[in-house]
Amino acid sequence: MNYMQKKIIFFFLSVFISISSVQAYNLVLPKDKKSVTNKEYALFAGKALNTETIIINDKKIYTAPNGAFAHSVKLKNGHNRIVIRSDYSTRIYNLKKIPQIKQEKFPLKEFEPKRVIVKNDRTPLRQTPEKEGINRISHLFKGTTLLINGAQGDFYRVYLSKNKYAWVLVNDVEESKPNEKYKIPEFITMNSDTYKNASVHTIEFTGKLPYTIDEFGNDIVFKVYNPEYSQNSVYTINIKKPEKYVYKTTLTNGTYVFKVNDILKPENNTLEGVKIVIDPGHGGSETGAIGCLGDKEKDIALKIGLELQDRLRLMGADTIMTRECDGYISLDDRIELAQKFSPQIFVSIHLNSMPDINVNIRKNRGTSVYYYNENSKDIARAVQKSITKELQIGDDGIRQKSLKVLRRTEYLSFLVEAAYMTNPLDSVLYRDDGFAYNTAKAIADGILNYLTCD
Ligand SMILES: [Zn+2]
């Protein structure tokens, strides 16, 4: 090969390389190139360059003006071949779907009643023997004595009163020592005091007994059970729900104190005197969801959080943030930080991604707000309303979900999923310079609307 030939070949090679590296799409999802999955769908997302057309399994994929695209492929059991092609590049995925193992139904084993002791504070007492879902009926305190008379899977069945059962994880309790001299707790006294903006309710026993809280309807119903004394030994306090309220339960020795506080209307249409925790989701090594263009959820959440802090302070609120830079902080640390500050409101900020099931690129877009406790439902709704009104973004609704940062009752809490990271149209919105500011403003306005409405 003479010099000229070499030069010509080199020229063609460099043209070829530059075409494939400049024009080819960039694939962000799937993040890990696993070859085996048990998911229903595989989500492919990325950025196409210039006028590149993306075709996945012979289907032309919509590309947003900024190049963002996303497409989910429904997987069948066994081998799935997925071909992603543009004019300049072809990638082939071989994904093996293994069928999801159906959760085994464990049989209920009944046995003679025996005592167990709750090992830690905030142990969930559940309506059903399931680890997830909206089935918590209270959080038990360390040292509470329970009477159990059955087991199913990882759970014990707790006997509360006649025909009333609940469930606790086997690992959350320990058997009481047989030689211990145990005295069945006795009722001492019960008391309710009403103050201007609060009410305090006390039930006193000689030992630690289980309780439940029911927040549905017009009342908050607080019950303590003494099943060893008699199957009808249930002590009930009915409290009429204030308009806007928070509450806290404590147990010292055998005395339950249940305190309900009104959330007061701030004066002069400002947030003066209102304490708010701002919690930007994820951080550090925990990136959260990845967007079509490679954006990280943790970064956008922080941007919104910082804007929200400015906005709320401007409106007179007293705020703290669970993180102000890109660092890892655990959920427990976030909650501990919040509790020390004793706020009225806790706002967590996240961005959504497609679920593993029912992937619908068109439907899964826009803002949604999550809450857990009933007392936070109205503020979640007010914030959702404000965001969808002020921002040109889809309304993905409000949802109740059992998320750790939302379970406290001593302050109102909600979690904003500002947009879908994986939605191409949403990526145009959250990439916009004004998105963080506008979202923060809408959240702040929603909070103010909620606090000032009658
Ligand atoms: Zn998140």
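1. How many bridges join S18 to strand S19 (residues 219-225)? Four, and the two strands run antiparallel. Helices and strands here are DSSP runs (helices are H or I of at least four residues, strands are E of at least two), numbered from the N terminus. Two strands count as paired if DSSP finds at least two bridges between them.

2. On the numbering and the model. Residues are numbered from 1 along each chain as its sequence is written. The model is predicted: local features need pLDDT of at least 70, side-chain atom pairs count only at pLDDT 80 or more, and totals for chains, interfaces and linings use all residues.

3. Overall make-up. The chain has six helices and 28 strands, and its C-alpha trace spans about 105 × 60 × 35 Å along the principal axes. Of its 454 residues, 38% count as buried. A residue is buried if 20 or more other C-beta atoms lie within 10 Å of its own, exposed if 12 or fewer, and partly exposed in between, with C-beta atoms placed from the backbone. Two residues are in contact if their C-beta atoms, placed from the backbone, lie within 7 Å. Among contacts between residues at least 6 apart in sequence, 67% join residues at least 24 apart.

4. Domains. The domain assignment gives domain 1 (24-97), domain 2 (109-175), domain 3 (187-262) and domain 4 (275-452); such bounds come from an automatic or database assignment. The C-alpha centres of domain 1 and domain 4 lie 29 Å apart. In the contact between them, 20 residues of domain 1 meet 16 residues of domain 4. On the domain 1 side, strand S1 (26-29), strand S3 (41-47) and strand S6 (68-74) each supply at least two residues. That side divides into eleven nonpolar, five polar and four charged residues. Nonpolar here covers Ala, Val, Leu, Ile, Met, Phe, Trp, Tyr, Cys and Pro; charged covers Asp, Glu, Lys and Arg; the others, Gly among them, are polar.

5. The three-stranded sheet has the order S18-S19-S20 with antiparallel pairing. Its edge strands, each pairing on one side only, are strand S18 (211-214) and strand S20 (234-240). Neighbouring strands of this sheet are turned by 15° against each other on average, direction ignored. For such angles, axes are lines fitted to C-alpha atoms (for helices, over the stretch in contact), and values run from 0 to 180 degrees between N-to-C directions. A four-stranded sheet, also antiparallel, has the order S16-S17-S22-S21. Its edges are strand S16 (187-194) and strand S21 (245-252), and its twist averages 10° from one strand to the next. Seven bridges join S16 to strand S17 (residues 198-205), with Asn 191 partnered by Thr 202 in S17.

6. Nonpolar cores. A nonpolar core is a set of buried Ala, Val, Leu, Ile, Met, Phe, Trp, Tyr and Cys residues joined through C-beta atoms within 7 Å. The largest has 88 residues, and those touching the most other members are Val 158, Val 347, Val 369, Val 383, Phe 414, Val 416 and Ile 443. Helix H6 (residues 435-452) gives the most to this core, with ten residues. A second, separate core of 19 residues includes Ala 45, Ile 61, Ala 68 and Leu 293.

7. Strand S26. Five of the five residues of S26 (residues 367-371) are buried, so this strand is largely enclosed by the rest of the structure. Thr 367, Val 369 and Tyr 371 point one way, whereas Ser 368 and Tyr 370 point the other way. Four bridges join S26 to strand S27 (residues 395-400), and this pair runs parallel. Tyr 371 stands opposite Gln 400.

8. Loop residues to look at. Gly 291, in the loop between strand S23 (275-280) and helix H2 (297-314), counts as buried because it has 29 C-beta neighbours inside 10 Å. The C-alpha atoms of Gly 291 and Gly 46 are separated by 7.8 Å, though 245 residues apart along the chain. His 282 lies in the loop between S23 and H2 and has a positive phi of about 60° although it is not a glycine.
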